[in-house]
Amino acid sequence: MLPCILRLVVHINDFRIPKFSSARHTFTRSFGSVPAPRCAPPPKTTVDSSMHTERKAHRAGINNLLLAADRLLESRHAHTIQSYIMDKISAHKFYNSYRWVAFTRLIRFSLSRQLFSMAIVLYDRLVSEGFAPPSSIRATIIAIRLVDSSEDPQDAVEPLTQVFADESYDTAAFMHLFYFMLSVKKAPIPLVDNLAHIYTTTRKIELCSCPDLIGEVVRINTQAGRLDAAQCWLHAFEESSQSEDVGMDASPFAALLHTLMRIDPRNTPALQAILEKMRTAGIPPNISIFNTLIWVNVKQGRFQEAFELYHVLVAQRSEQLVPSDVTFKILLRAVRLLSQKRRSMRLPNVMEPRQIFREMLECHLQQTGGQPLGRSSSLSASALQMALRTFIARRDYLGASVVVRLLDAFGFSADLQSYRIVLAHLLSRIKREAKSARRPGEYRLADFLMHLRPDERIDLNDMTSRIQDGQPTPQLSSQGPMSTDLHPSPSLLLNSEGSSRDVVSHILKLSEPDRCSDEDLLDVAPSTIIHSSVRARRHRRMYVPTMPVLCGDDAPPINNRCSSIPLARLLQKAFLGNLWASSPSFNPRWHTLVQRVVGDAKKSMVPPMDVADFAKATESRKHLDRKPGLPFALSRKRRSARAGWEIEFVGGDDVSEDESSHPREARGDGQ
């Protein structure tokens, strides 16, 4: 098996990734040799400014509504999404000149999350209020309704053929129908395959122009065991690319590789055959190919080969081939799995979590032109969450603190799950240390945290005498759930009765939730020109989760972003406690030691983000604002193979993590 895996690495090395120039081709129109005159824009009047401000406020209201709906889908109240949206869009709450825009964006949001029933209800309300729906949405809803109203999906084939002939019915509309038939109607795979053939034939679409559609058809046929049908689609895709004389896209092959990996990760000969076919056809691998192969090696416990593939990816990195957030989540997952082995040895090519985190930020900054708030495919909320889990699992509280401190700088925020990860780990460690036998002269993190007062100025030299004096602290009960897992279920630990709640309450007080300023926190944030919105967010009082909300007794507020400052303060105290427990003897220079350790962490985790030319930074930010937006939640499973498949972490140690990476077939909210 090992030679086969190594040959996968060698074959990837044989590919030649084409280098693309970063220069963009622009077309200008001129009459003769006289350049077109540049007219100065008319001066803005007070009315124009007020209208612009009003439009901006309405647009912000719609954005906030969509973000709130997206967060609701991630909560236990996801089943209330339709009633929540319909209440928010009521005329007395949301009635302005942007109402038509709000309806269309909500319908597109519902379709992208596969909330088809809500999309139909919103469409009916849009029409009933006298608005004309966009032609693309109209054609999409008509096709979905044809299938939904048919007792037998086969009866809808003939009327669907007429809908496909409509010019406004594009590939995106068919993809919505594709997912509706699979997730809602549970249609047979041969029927869906036949509809895809009818659509491409009716519209006379060249298959090379819709690689994502071909990849999805290949995926469902492979999952159903219809390998001949999958091969026919791939062959037709190759012929279309050759007849149109265009380079073949790797998306269908990425879908096939991903599906085969899910069916049997140890089927190395099949994966090798696909790679060999791609190499023969001159198809360069995309990021999905790399992600799938790296995850195959991780699943087989071949961590060295997984990191070797990543190094190959970095060596062949170009404008068209950049590690995605999925890539870094797989690497972080590999590090966690490797560290959980009892006899984990230092393997060549295996990277430390701090180095992985730094390279993730570097890839993000390279894609955004050095702008932390820019959008990229290398950084996402789920990737930062995975980094936090990894550092917590390795008891690197300083590294976890750096992750939390950088959330604001990169346009993210902490959430309830972030707090639960940290609190559940600290509670589990405190309980484990309280139950285990103590060696002579041993000091533990539990001693430090349980004897620490929330608002005191920490002095590591005072802690030893305080603990020896035996000052009263919250007591731990031997009853209740005890877990030996490194990452126990947060809901299990935080819902335990008795003293566990007292301990969690004490830990929460250590975070000093009422203290909004961050002057007491260690300097780990980058020294750079920070966008004004980040500065404003730092000084704005944000929501801090309470004990009932964390335990699930109270529902969290809709559309909340938790403050990261208390969480960073708690992790900083855990780091100091860990440092003290390793050497509790008197050290008059412990401040210098802390500064040196923090400086090393900042150097190893935070890439330079200094912007020397402010005008260039402003122009780059304008360019980023013109970029098309990414999907709302990058942590969701991406249906597009071009964007990079989300790897499903099956059998992990965190239920919430597994659930966030699985496609929501029943609920249908995966983009």
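Rings of Phe, Tyr and Trp (for Trp, its six-membered ring) count as a pair if their centres lie within 6.5 Å, and a pair is called stacked when the planes are under 30 degrees apart, edge-to-face when they are over 60 degrees apart, and tilted for the rest. This is a predicted model, in which local features need pLDDT of at least 70 and side-chain atom pairs count only at pLDDT 80 or more, while totals for chains, interfaces and linings use all residues. Residues are numbered from 1 along each chain as its sequence is written, and side-chain values use heavy atoms, with hydrogens and water left out.

**View 1. A cluster of aromatic rings that includes Phe174.** Ring pairs link Phe164, Tyr169, Phe174, Phe178, Tyr179 and Tyr199 into a cluster. Phe174 belongs to helix α8 (residues 171–183), where helices (H or I, at least four residues) and strands (E, at least two) are DSSP runs numbered from the N terminus. With a relative accessible area of 1%, Phe174 is buried; buried means under 20% relative accessible area, exposed over 50%, and partly exposed in between (1.4 Å probe, protein chains only). When residues up to four places away in sequence are not counted, Phe174 touches Phe164, Tyr169, Leu195, Ala196, Tyr199 and Leu213, a contact being defined by heavy atoms within 4.5 Å. Although Phe174 and Tyr199 are 25 residues apart along the chain, their C-alpha atoms are separated by 7.9 Å.

View 2. By the ring rule, the count comes to 13 aromatic pairs. The rings of Tyr310 and Phe328 have centres 6.1 Å apart and planes at 70°, so this pair is edge-to-face. Tyr310 lies in helix α15 (residues 303–315) and Phe328 in helix α16 (residues 325–339), so the pair ties together parts that are 18 residues apart in sequence. Tyr310 is buried at a relative accessible area of 1%, and Phe328 also counts as buried, at 0% relative accessibility. For Phe357 and Phe391, the ring centres are 6.3 Å apart and the planes stand at 75°, so this pair is edge-to-face. Here Phe357 lies in helix α17 (residues 353–367) and Phe391 in helix α18 (residues 381–393), so the parts tied together are 34 residues apart in sequence. Phe357 is buried with a relative accessible area of 2%, and Phe391 counts as buried at 1% relative accessibility.

**View 3. The packing of helix α6 against helix α7.** The axes of α6 (residues 135–148) and α7 (residues 157–164) come within 10 Å and cross at roughly 175°; axes are lines fitted to C-alpha atoms, for helices over the stretch in contact, and angles run from 0 to 180 degrees between N-to-C directions. The two helices are therefore roughly antiparallel to each other, a description applied to angles over 145 degrees, with those under 35 counted as roughly parallel, 65 to 115 as roughly perpendicular and the rest as oblique. Ala139, Ile142, Ala143, Leu146 and Val147 of α6 make the contact with Pro159, Leu160 and Val163 of α7.

**View 4. The surroundings of Ser110.** Ser110 has its place in helix α4 (residues 99–112) and is buried, with a relative accessible area of 0%. Leaving aside residues up to four places away in sequence, Ser110 touches Leu115, Met118, Ala119 and Leu122. In the protein as a whole, 51% of the 671 residues count as buried, and the secondary structure comes to 30 helices and zero strands.
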